[in-house]
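Work through each task with the sequence and the structure in view before reading its solution.

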Amino acid sequence: MKKLISILLSLFILSAAVFAETEGDEYDDGYVYEMNGAGDQFLKVDVGGLIPLNFNGQLHMGGIIGLGYYRFINKIFGVGGEFSASYNLTIGNKLLLFIPVTFGVVIQPTVGNFEFPVTVSAGFGYETFQSLNYFPSPAVRASAGAYYRLNDVCSLGVAGGCLWLPEYTKDYGWNHGVFSTVTVNARYHF
């Protein structure tokens with residue numbers, strides 16, 4: 001019985017050596033893997049600063065936090081939307097709060113593990129200042145960024161952009177709020 005077990009064990013070990021994969025026996029199907037392709041999607045989270053550009057020193061720098069979703073139509077072009085909340089304080093410590101929801105496009109060229117998205121979107125938002133509420137208030141957003149793809153599902157980066165918030169009131173006519181945004185971003189790709 002011991003001889004039989006020894007023979008079976010020896011055969012098992014030798015058969016494992018016969019079926020072991022040798023170096024260089026990789027399968028090449030000829031497919032070139034792209035960083036992004038049609039149907040790929042990503043979710044992004046932004047946090048950063050909101051700098052007022054045309055308020056003559058009446059607003060302090062504020063903050064912005066946002067969520068976004070985009071789906072690629074091909075390896076460079078995608079469509080999606082963004083939701084964010086932003087605030088600024090006036091020199092009298094009054095709060096300006098704006099919550100825009102925008103829909104738009106992204107064009108994203110890649111070089112190695114680096115991605116360079118350019119996004120343009122438009123939509124509407126809710127704006128409140130000194131107990132005055134404006135809805136829907138138009139919103140237009142444009143941004144450009146640089147990201148490093150850490151792995152297949154995660155990328156980190158920075159972006160800079162412009163947020164334009166036109167507003168019409170009966171008393172004052174058109175007001176144009178223009179803000180610069182600087183954000184740090186994380187994206188989840190799936």
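For residue classes, Ala, Val, Leu, Ile, Met, Phe, Trp, Tyr, Cys and Pro count as nonpolar, Asp, Glu, Lys and Arg as charged, and the others, Gly among them, as polar. The model is predicted: local features need pLDDT of at least 70 and side-chain atom pairs count only at pLDDT 80 or more, whereas totals for chains, interfaces and linings use all residues. Residues are numbered from 1 along each chain as its sequence is written, and side-chain values use heavy atoms, with hydrogens and water left out.

**Exercise 1. Describe the lining of the largest pocket by class and by element.**

Step 1. On a 1 Å grid over the protein atoms alone, a pocket is an open set of points with protein on both sides within 12 Å along at least five of seven lines, while a cavity is a set where a 1.4 Å probe fits but cannot get out; lining residues have an atom within 4 Å of a point. Points are joined across faces, edges and corners, and a volume is the space filled by probe spheres set on them.

Step 2. Locate the pocket. The largest pocket holds about 560 Å³ of space. Its lining comprises 20 residues, with Phe55, Glu127, Phe129, Glu167 and Asn175 nearest the centre.

Step 3. Assign elements (strands are DSSP E runs of at least two residues, numbered from the N terminus). Two or more lining residues come from each of strand 7 (118-129), strand 8 (132-149), strand 9 (154-169) and strand 10 (173-189). Strand 10 contributes the most, with 4 residues.

Step 4. Sort by class. The lining has 9 nonpolar, 8 polar and 3 charged residues.

**Exercise 2. Characterise the largest cavity and its lining.**

Step 1. Count. There is 1 cavity of 30 Å³ or more, and about 220 Å³ of space lies in the largest cavity.

Step 2. Identify the lining. Of its 22 residues, Lys44, Asp46, Glu82, Ser143 and Ala159 lie nearest the centre. Strand 1 (41-52), strand 2 (62-72), strand 3, strand 8 and strand 10 each give two or more residues, and strand 8 has the largest share, 5 residues.

Step 3. Sort by class. This lining divides into 9 nonpolar, 8 polar and 5 charged residues.

**Exercise 3. Which residues are linked in a network of salt bridges?**

Step 1. Apply the criterion: a salt bridge is a side-chain nitrogen of Lys or Arg within 4 Å of a carboxyl oxygen of Asp or Glu.

Step 2. Examine the pairs. Asp46 and Lys44 meet at 3.3 Å, N to O, and Arg141 and Glu82 at 3.8 Å. Arg141 lies in strand 8 and Glu82 in strand 3, so their pair ties together parts 59 residues apart in sequence.

Step 3. Check burial (buried means under 20% relative accessible area, exposed over 50%, partly exposed in between, with a 1.4 Å probe and protein chains only). Asp46 and Lys44 are both buried, as are Arg141 and Glu82.

Step 4. Conclude. The network links Lys44, Asp46, Glu82 and Arg141.

**Exercise 4. Where does Gly68 lie, and is Gly68 buried or exposed?**

Step 1. Gly68 is placed in strand 2.

Step 2. Gly68 counts as buried because its relative accessibility is 7%.

Step 3. The C-alpha atoms of Gly68 and Lys44 are separated by 5.0 Å, although these residues are 24 apart along the chain.
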